[in-house]
Every structure is written in C-alpha cells, then in structure tokens.
Amino acid sequence: MTLTARQLTLATLDRQLLLERGRLDVAEAVRRVCAVQAQAPASPYVALWNRVEGFVPEQLDAAFTERRVVKATLMRITLHAVHADDYAPYHAAMVRSLRASRLYDRRFTSTGLTDADADGLLPWLAEFLEGPRTGADVEKEVMARFGEQARRAWWALRTYAPVQHVPIGGPWSFRLPNTYLASPVVPGAEAQDAAAGVRRLLLAHLRAFGPASAQDFARFTLLGRPVITQALGELGDRVVRVPGPGRAVLYDLPGATVPDEDTPAPPRLLPMWDSVLLAHALPGRVMPPDHRPLVVRRNGDILPTLLVDGQVAGVWRAVDDGLELTAFRVLGKAAWRGLTEEAEKLAALLADRDPAPYSRYDHWWAKGIPGAETRTVKGR
C-alpha cells in the first residue's frame, strides 16, 4: 500500500513522541528522537517537555551534568544535544563536513594557515581541554603559543575538533561565555569510523523521522549524496524501500509501523529550531508552504511554532502575562482549547525557570507577524 502524505506526517510525529508523550528517561528520549537541536539553550528543554510525560527541567540538567546527554556541534554544523553513546559515531559521521565548512572558508584561508596547521593543534587542544575552559581561555592560549593568526585556527577547531560544550549553570544549564571540554574521541581516529558513523546516524534518522528519503537525510545532516548513497548500499537489508506519494524513494527500518491516516495529532508548542521542522527536504512534513516565510526568517531563525493536527498553524512567544499565541488561520474552538491547555502548562514551566527564553528574538514580532487571531494565555 502506498503511504499518503498524511501518513508520513503522522509517522514522523509518532516517532518524535509528538503524538503521545513517552514515559522514559530524558537521555533515552534524546536517543529515541536521534538528536535535539540545541542552538538556543532553552530549546532542548522545551523540545523534551513536548515529548516526555512528566518532564521537569531538572531531569535534563542532571543528564547534562552527568554527561549522559552531551551538547556539541554536529548535524548541519549546528549545536545538538545527543545521547552520550551516540556522540562519537555521530561526530565521526560529520567531522569531514564540519572540517570542510571551516578550513575551506575564506575566514580561515585568508589567514595563510594551512589545513595541517589547524590539524596539528588537535593533540595540544585535547590536552588543554582535559578540564573545562572558556573559549576566551583557549583563544588566549593558542595565540600565545602559535601567534595571532592562530585565532582563526581555534575558530575552526571549535567546530570540527572533538569538543563538547560544558554545562555551567543558569536557567538552561548553558550560558555565555561558552565553556568547552575535550571529548573522549581520539583525534585522528574519526576517519576509519566515518562510514560506520554515517550508517548509524542514518538508521537513527529513519528510526526518529522515517520513512525518509536520501534527500531528507541530506537536509538533516548536510552530508553529500555520494556519502549517503554509499551508506544505503552498505546497510543492505537493514533498510527497506516503502512506496510513498512523491517521486523520491523512501526508506524505512524493517518492521517499522506507520499510523493510520485518521489518527488524531494533538496540539503542541514547539521550541525554536525544533528538529521536526528540519529533518526533511523542503517543504517538510508539518509546514504548510504559505506559512513557511512567517516561521523561517531570512537569516535562518525558526520561530517557536504552534502545531494543530500535525501542521504548523502559528507561532508563540513569552510575554509579561504568559504566552502569546498567534494563529495564521482561523482555528476552531477545539483547537484553541487544546493549545490553551498546552500553553498554560508551558507558561508555568517557563515561569519557574526563565519566563522569556527567546526574548532576544522579539524583534521579529516587532516587525510584524500577520495572524488571523492572537491570544494570551497565563500559566497555571
């Protein structure tokens, strides 16, 4: 039977724990959903609140502190929170792309430094970051040892070297200045494990976002098509083709299930840059094309969104009295009732920790966001 577009949306929501919150440990939830976008410090918390039954922020605080969940630059050259056991293979899968994104960048090449210059600092960096150090600490030391030009070497290394961000407190565990720690990944050992890392990441993507195409995986990771094609070939019968509504070939895990088309999708208030909006080729599975310019800004910011029946229907932000919900289209009473219940709970969670986690992005609202209706919801 050919899957419909609606079934693909429901499959993604189901695997992302967005049809029903899961009763599981936060580290296992992070593993289940492959990775949690962590560009904004609050986003992993709001993402897991949407996905884990009974979630409280202290659970993720502890997971970060105990390093059961780690934060590092990975897919799409962006900060993600991943299960500690997944970091090494995911880094191995991504390191070639991460390295190229910096060492081929004019900001690095214009310094006159070579690839070998940057790579030659890896053993020193691993030793220097045996304990937590701020970026300013590293930059100062690298310049003292290797000269002014080495400033750009650290700019590159902090993206592709095996380093993690260290939680240092604050409402969302991480705050500026960023603090770094060397990971247990052995510098120079990534290349031999790269293919295995890509295979593991691809399987995790299908488990968390499938059924999915090679284009979807490329969108989620920014890995090249040859690398993905090789991984699909090497996986053999560990992945299967499934018929879908479009021309792109869809892959899934053997035995994976897809919800029935009439399965209801509950309302959700997703964080900025939620992975469900970034895991598939454009236009994606939950974003109506006409809403995309309202949510995805020209600089790449992706605003916190309202999901109604599995589709983006608006945006939200924190205001003095709670949360302000702006719907892009006219919503019925049942939709507003569900959104209000979710907003009351989220506003209460934020009030106890950080009432306005995305306030620096309020300028998008100041520039005007057209909506059919706006409501303010107070926390319980």
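Which side chain meets that of D85 in a salt bridge? The partner is R31, with N to O at 3.4 Å. A salt bridge here is a side-chain nitrogen of Lys or Arg within 4 Å of a carboxyl oxygen of Asp or Glu. The model is predicted, so local features need pLDDT of at least 70 and side-chain atom pairs count only at pLDDT 80 or more, while totals for chains, interfaces and linings use all residues. Residues are numbered from 1 along each chain as its sequence is written, and side-chain values use heavy atoms, with hydrogens and water left out.

The D85 and R31 pair links distant parts of the chain. Helices (H or I, at least four residues) and strands (E, at least two) are DSSP runs, numbered from the N terminus. D85 is partly exposed, at 48% relative accessible area. R31 is also partly exposed, at 28%. The cut-offs are under 20% for buried and over 50% for exposed, with partly exposed in between (1.4 Å probe, protein chains only).

In total, the structure holds 24 salt bridges. One of them joins R353 to D61, at 2.8 Å from N to O. R353 sits in the loop between α15 (333-351) and α16 (363-366), whereas D61 is in helix α4 (residues 57-65), 292 residues apart. D61 is buried, with a relative accessible area of 17%.

A further salt bridge pairs D115 with R99, with the closest N and O atoms 3.9 Å apart. D115 lies in helix α7 (residues 115-119) and R99 in helix α5, 16 residues apart. Both count as partly exposed: D115 at 27% and R99 at 23%. Shared partners also join E28, R31, D85, D86 and R200 into one salt-bridge network.

Five strands form an open, antiparallel sheet in the order β10-β11-β12-β13-β14. Two strands pair if DSSP finds at least two bridges between them. The edges are β10 (268-270) and β14 (373-377), each pairing on one side only. Neighbouring strands are turned by 30° against each other on average, direction ignored. Strand β11 (residues 305-308) is joined to β12 (residues 311-319) by 4 bridges. Within this pair, T305 stands opposite V315.

Helix α15 lies across β10, β11, β12, β13 (322-327) and β14. Its direction is about 145° to β13. Axes are lines fitted to C-alpha atoms, for helices over the stretch in contact (heavy atoms within 4.5 Å). Angles run from 0 to 180 degrees between N-to-C directions.
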